[in-house]
Amino acid sequence: MEKVLITGGAGFIGSHVARLFVNKYPNYQIFNLDALTYAGNLENLKDVENQSNYTFLKADIRDASEINELFKKYQFDKVIHLAAESHVDRSISDPLAFVKTNVFGTVNLLNAARDSWKSDLEDKLFYHVSTDEVYGSLGETGLFTETTSYSPNSPYSASKASSDHFVRSYGETFDLPYIITNCSNNYGPNQFPEKLIPLFINNIINKKALPVYGDGKYTRDWLYVEDHAEAIDLVFHKGRNKENYNIGGLNEWQNIDLAYLLCEIMDRKLGRQSGDSRQLISFIKDRPGHDKRYAIDASKISEEMGWKPSVSFEKGLEKTIDWYLSNEVWFKNVTSGKYMEYYSKQYNHK
Ligand SMILES: Cc1cn([C@H]2C[C@H](O)[C@@H](COP(=O)(O)OP(=O)(O)O[C@H]3O[C@H](CO)[C@@H](O)[C@H](O)[C@H]3O)O2)c(=O)[nH]c1=O
């Protein structure tokens with residue numbers, strides 16, 4: 001039975017990947033390693049928690065000895081590394097937290113994998129899930145390709161760029177088998193409401209201001225999270241060793257237009273007058289170092305593996321909004337920290 005370690009499996013993207021793998025591959029033993037920070041909670045995986053091929057491990061990738069012990073104990077064959085601090089604004093107020101988790105944490109995992117696999121690298125894989133933000137910012141035109149040079153602008157993207165470089169360097173120096181994917185903005189159920197889409201949905205529900213940074217003319221490429229999870233599944237099984245692949249939705253939106261769209265859908269769903277929620281929009285001071293535009297050329301993954309997004313933005317947003325509307329308790333408990341407190345206590349056995 002192949003043992004697959006998924007780090008950050010209680011988080012937003014990680015939980016979708018963990019669910020997909022647990023359900024689709026009964027012949028794999030899936031280990032979900034997560035520190036259960038504010039952004040990850042086991043409520044996200046309630047539906048698979050009792051499956052026999054699923055094991056939860058509460059651990060922190062910043063703790064090298066804990067990670068080494070787990071590799072010794074369980075002898076993982078493959079790693080899908082998603083655990084990360086991921087919010088740009090938090091990285092501006094506390095850059096070091098991002099170095100500790102994203103850089104040190106990744107290197108701790110790389111060391112543990114290298115040491116555990118040193119006698120036999122066959123059928124091993126360190127799959128690093130990264131971001132398109134490592135490439136920096138685009139002007140009005142052009143797309144990031146896999147050969148675009150790295151030019152990170154925020155402490156967050158600098159930490160992810162650094163972790164990508166470490167992964168690549170372990171491939172060159174220690175021959176560690178690896179793949180890196182760099183993906184655009186994800187949205188969907190279970191995303192912590194600090195990111196644009198769930199934040200705005202939450203604020204519209206509660207009639208709170210919708211803070212649009214700067215002039216709102218910043219562009220992001222949005223991908224439904226399950227499409228990302230499927231891309232990860234494909235790359236995990238079919239990607240070539242020591243390659244990187246870009247993943248994106250070919251779905252560019254300026255923030256202000258996305259805000260208008262969310263207001264329109266929410267007014268309809270909440271039975272409010274059309275235009276009501278737009279009045280909540282408030283232009284505020286810009287994010288420092290704000291990247292103007294991200295857009296992805298995903299032709300490599302599409303040509304090599306036949307991947308393309310399957311969920312249209314219209315359908316994805318409907319599904320996302322419906323999920324948040326019927327999970328208001330989830331919203332309340334993640335923002336108040338109740339889930340974090342509950343699950344940390346439950347797994348505080350070490
Ligand atoms: C939270 C927030 C964001 N924004 C703007 C900033 C960005 O231009 C856009 C999206 O912001 P965020 O949701 O924070 O996402 P962004 O900075 O693009 O980064 C995301 O997308 C990246 C992939 O591109 C991921 O690697 C990051 O982990 C993820 O956080 O909306 C606002 O105008 N107001 C807000 O309150």
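Trainee: Is Asn203 buried or exposed?
Mentor: Asn203 is buried, since its relative accessible area is 7%, and the cut-off for buried is under 20%. Keep in mind that this is a predicted model.

Trainee: Which element is Asn203 in?
Mentor: Asn203 sits in helix α6, which covers residues 196-205.

Trainee: And what does Asn203 touch, leaving aside neighbours within four places in sequence?
Mentor: Asn203 is in contact with Lys208, Ala209, Leu210, Pro211 and Leu280.

Trainee: OK, on to Asn244 then. Where is it?
Mentor: Asn244 belongs to strand β10, residues 243-247.

Trainee: Buried or exposed, for Asn244?
Mentor: Asn244 is buried: its relative accessible area is 19%, and buried means under 20%.

Trainee: Which residues does Asn244 touch, not counting those up to four places away?
Mentor: Asn244 touches Tyr135, Glu146, Ile180, Asn182 and Lys300.

Trainee: Where do residues 252-254 sit?
Mentor: Residues 252-254 are strand β11. The loop between β10 and β11 holds Leu250.

Trainee: What about the backbone of Leu250, where is phi?
Mentor: Phi of Leu250 is near 50°, a positive value in a residue other than glycine. Leu250 counts as exposed, at 71% relative accessibility.

Trainee: Which loop holds Gln75?
Mentor: Gln75 lies in the loop between α2 (64-74) and β4 (78-81). Gln75 has a positive phi too, about 55°, although it is not a glycine. Gln75 is partly exposed, with a relative accessible area of 46%.

Trainee: Time to zoom out! How many helices and strands are there in the protein chain?
Mentor: The protein chain has twelve helices and twelve strands. Its radius of gyration is 20 Å, close to the 20 Å that the globule rule gives for 350 residues, so the chain is as compact as a globular protein of that length.

Trainee: What box do the C-alpha atoms fill?
Mentor: Along the principal axes, the C-alpha atoms of the protein chain fill a box of roughly 65 × 45 × 40 Å.

Trainee: And the contacts and burial over the chain?
Mentor: Buried residues make up 54% of the 350 residues. Among contacts between residues at least 6 apart in sequence, 82% join residues at least 24 apart.

Trainee: What's on the outside?
Mentor: The protein chain exposes about 15,100 Å², and carbon and sulfur atoms supply 49% of it. As for charges, there are 40 positive and 47 negative ones, and their mean positions are 4 Å apart.

Trainee: Last one: which residues does the UniProt domain annotation cover?
Mentor: In the unreviewed UniProt entry, the annotation "domain: NAD(P)-binding" covers residues 5-320. Over residues 5-320 the chain is 41% helix and 18% strand, and the end C-alpha atoms are 27 Å apart.

Technical notes. Residues are numbered from 1 along each chain as its sequence is written. This is a predicted model: local features need pLDDT of at least 70, side-chain atom pairs count only at pLDDT 80 or more; totals for chains, interfaces and linings use all residues. Side-chain values use heavy atoms; hydrogens and water are left out. Helices (H or I, at least four residues) and strands (E, at least two) are DSSP runs, numbered from the N terminus. The radius of gyration is taken over C-alpha atoms; the globule rule is 2.2 Å times the number of residues to the power 0.38. Buried means under 20% relative accessible area, exposed over 50%, partly exposed in between (1.4 Å probe, protein chains only). Contact means heavy atoms within 4.5 Å. Accessible areas come from the Shrake-Rupley method with a 1.4 Å probe; for residues, only the protein chains shown count as cover. Lys and Arg count as positive and Asp and Glu as negative; His and the chain ends are not counted. The place of a charge is taken as NZ of Lys, CZ of Arg, CG of Asp or CD of Glu. UniProt positions are given in the numbering used here, feature names are shortened, and annotations may be inferred rather than shown by experiment.
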